Amino acid sequence: MTSVLIATGQSLQRVGLRMLLESQPDLNVVGEAAHGPEAVRLSALLRPDVVLLEGRATDTDTAETVRRIAHTPDGHAPHVLLLTTADDTYPYGALRAGAAGHLPEDATADELVAAVRVVAAGDVVVSPGLTRALIDAVRDQRAVGGTAPGNRLGTLTGRERDVLTAVASGDSNAEIADRLSIAPTTVKSHVSNILTKIGARGRVQAVVFAYESGLVRPTQHVLHA
């Protein structure tokens with residue numbers, strides 16, 4: 001059973017999301033929050049597997065809320081799935097802060113339920129339609145200085161770079177194993193080592209890192225959910 005905390009300022013939306021998620025036999029809503037600080041408090045108290053967080057993609061308060069939820073002193077780190085308006089820009093800051101994925105609020109019920117399951121399993125949700133916005137956001141960050149991940153890229157072995165490139169293209173562990181002719185357990189081990197070396201909390205941050213470091217060029221790969 002996957003436990004979910006719903007965090008949105010719209011009371012009717014909270015009711016609708018609760019009804020939708022609790023209609024699924026494997027999902028359980030353990031609480032509701034009306035704003036960021038309450039989401040942080042309830043996340044620490046209830047320790048959900050997933051926090052469904054409404055927020056503005058470019059809002060620094062949203063990114064800070066994600067950071068506080070995703071990086072807890074006791075080591076319990078829920079997977080944060082960010083919901084934003086359909087016309088919002090890519091949640092670059094929230095992804096860097098630790099969000100496991102992003103979904104527009106006009107996503108279908110099936111897409112939302114599937115996304116919760118995906119992030120609960122430790123994978124990421126990156127929509128194909130948002131790939132260009134991610135690339136543009138990375139370019140913008142480089143233009144204003146951003147981070148310099150080149151040194152961390154240098155800590156990866158050749159095989160780890162191959163795996164990270166495949167992760168950035170949106171491949172699952174099984175697909176990476178097939179592409180590189182290695183065992184799925186080996187892929188899992190490589191991914192774990194990569195995340196440790198580059199200081200990423202999850203695969204979505206690894207994707208951002210792959211673009212920032214120049215390992216993956218914007219024209220090379222298309223992300224998919």
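These legends describe close-up views of a predicted model. Local features need pLDDT of at least 70, side-chain atom pairs count only at pLDDT 80 or more, and totals for chains, interfaces and linings use all residues. Residues are numbered from 1 along each chain as its sequence is written, and side-chain values use heavy atoms, without hydrogens and water.

**View A. The second largest pocket.** Its volume is about 290 Å³. A pocket here is an open set of points on a 1 Å grid over the protein atoms alone, where a 1.4 Å probe fits, with protein on both sides within 12 Å along at least five of seven lines. Points are joined across faces, edges and corners, and the volume is the space filled by probe spheres set on them. The lining has 19 residues; Gly122, Leu195, Arg201, Gly202 and Arg203 are the closest to the centre. Lining residues have an atom within 4 Å of a point. Helix 10 (184–198) and helix 11 (203–212) are the elements that each give two or more residues. The largest share, four residues, comes from helix 10. Helices (H or I, at least four residues) and strands (E, at least two) are DSSP runs, numbered from the N terminus. By class, the lining has eight nonpolar, seven polar and four charged residues. Asp, Glu, Lys and Arg count as charged; Ala, Val, Leu, Ile, Met, Phe, Trp, Tyr, Cys and Pro as nonpolar; the others, Gly among them, as polar.

View B. Arg203 lies in helix 11. Arg203 is buried, with a relative accessible area of 9%. Buried means under 20%, exposed over 50%, and partly exposed in between (1.4 Å probe, protein chains only). The C-alpha atoms of Arg203 and Gly101 are separated by 9.5 Å, although the two residues are 102 apart along the chain.

**View C. A nonpolar surface patch.** Val30, Leu45 and Leu46 make this patch of about 240 Å². Patch members have over 30% relative accessible area and no salt bridge, and nonpolar side chains (Val, Leu, Ile, Met, Phe, Trp, Tyr) are joined within 5 Å. A salt bridge is a Lys or Arg side-chain nitrogen within 4 Å of an Asp or Glu carboxyl oxygen. Areas come from the Shrake-Rupley method with a 1.4 Å probe. Leu46 is found in helix 2 (residues 36–46). Leu46 is partly exposed, at 33%.

**View D. Two residues with positive phi.** Most residues other than glycine have a negative phi. Arg47 has a positive phi near 50°. Arg47 sits in the loop between helix 2 and strand 3 (50–54) and is partly exposed at 40%. Ser181 has a positive phi of about 55°. Ser181 lies in the loop between helix 9 (173–180) and helix 10 and is exposed at 66%.

Key:
Patches are made of residues with over 30% relative accessible area and no salt bridge: like charges are joined within 9 Å, nonpolar side chains (Val, Leu, Ile, Met, Phe, Trp, Tyr) within 5 Å.
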